[in-house]
Amino acid sequence: MKKEIEIGDWVNSYSKGIFRVEKIFDRFYEESSPLIPKGKKIGDPQNRIVLSKRFLNSKFKKSFSYDRCDESLITHLTKKDLNVLDKVITEKPELIVELDTYEIPPLTSIYNTDLQIDNENDLQLVNELVEFIKKGRSFLEIETEMKRLDILRLIPKYFGNYKFQLFNFDEESMDKRKVWRDAKLNTY
């Protein structure tokens with residue numbers, strides 16, 4: 001049985017190198033989930049997201065960066081790799097201090113939707129929606145507001161003339177739903 005990933009574990013991540021797990025985010029299926037597998041429903045747990053700092057590259061040289069990926073892509077280090085890691089830390093303990101002070105930038109998740117906006121009135125309605133979202137809203141709340149403002153009719157079958165983007169920062173969630181804190185409307 002695979003040992004569960006925990007904060008502080010030394011692991012291999014999606015990217016090459018030796019990583020230390022910094023945060024683990026729970027995720028749940030929700031209205032903005034692109035695909036909900038058969039047998040799953042909104043509110044059911046998904047694989048967690050693991051945020052980790054890279055300490056060493058694949059040649060065991062200092063290489064600070066970060067990675068965020070599905071927990072299924074994370075593996076614990078082999079005993080051989082752990083022994084090499086221990087040797088590096090023993091010989092250069094100051095590297096751990098450097099790793100501790102390395103800051104991961106804010107994480108941003110983006111949800112995109114095309115819109116076809118052909119008049120000022122519809123543009124004003126979408127701008128009202130942008131202001132509504134800035135208070136921090138779930139996708140369900142946003143969708144409900146889009147229905148109230150009659151914006152759903154602006155979603156084209158294929159391509160639109162605007163891209164509407166929702167932004168979630170640092171995997172913020174509430175009540176098993178992502179919290180979208182910003183929105184932007186861009187022309188193509």
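In this predicted model, the largest pocket is lined by 24 residues, and those lying nearest its centre are Arg 27, Ser 33, Gln 46, Glu 171 and Lys 178. Two or more lining residues are contributed by each of the elements β4, β6 (108-115) and β9 (177-178). The volume of this pocket is about 440 Å³, and its lining, sorted by class, consists of ten nonpolar, nine charged and five polar residues.

The largest nonpolar core holds 20 residues, among which Leu 129, Ile 133, Ile 151, Phe 164 and Leu 166 touch the most other members. Helix α3 (120-133), helix α4 (139-148) and strand β7 (162-169) are the elements that supply two or more residues to this core, and the largest share, seven residues, comes from α3. Leu 129 illustrates the packing: leaving aside residues up to four places away in sequence, Leu 129 touches Ile 142, Glu 145, Met 146, Leu 149, Ile 151 and Phe 164. Apart from this core lies another, made up of ten residues that include Trp 10, Leu 77, Leu 95 and Leu 99.

Two of these names lead on to helix α2. In α2, which spans residues 94-101, the buried residues are Leu 95, Ile 96 and Leu 99. Because these residues cover an arc of only 100 degrees around the axis, they are placed on the same side of α2. Val 97 and Thr 101, on the other side of the helix, are exposed. The buried residues of α2 pack against strands β1 (10-12), β2 (18-25), β3 (49-56) and β4 (62-70), as well as against helix α1 (79-91).

Definitions and conventions
Residues numbered from 1 in each chain as written. Predicted model: local features only at pLDDT ≥ 70, side-chain atom pairs only at ≥ 80, totals over all residues. Heavy atoms only, no water. Core = buried A, V, L, I, M, F, W, Y, C linked by side-chain atoms within 4.5 Å. Buried < 20%, exposed > 50% of the residue type's maximum accessible area, 1.4 Å probe, protein only. Helix = DSSP H or I, 4+ residues; strand = E, 2+ residues; numbered from the N terminus. Contact = heavy atoms within 4.5 Å. Arc of directions from axis to C-beta. 1 Å grid on protein atoms, 1.4 Å probe; cavity = no way out; pocket = protein on both sides within 12 Å on 5 of 7 lines; lining within 4 Å. Points joined across faces, edges and corners; volume = space filled by probe spheres on them. Nonpolar A, V, L, I, M, F, W, Y, C, P; charged D, E, K, R; others polar.
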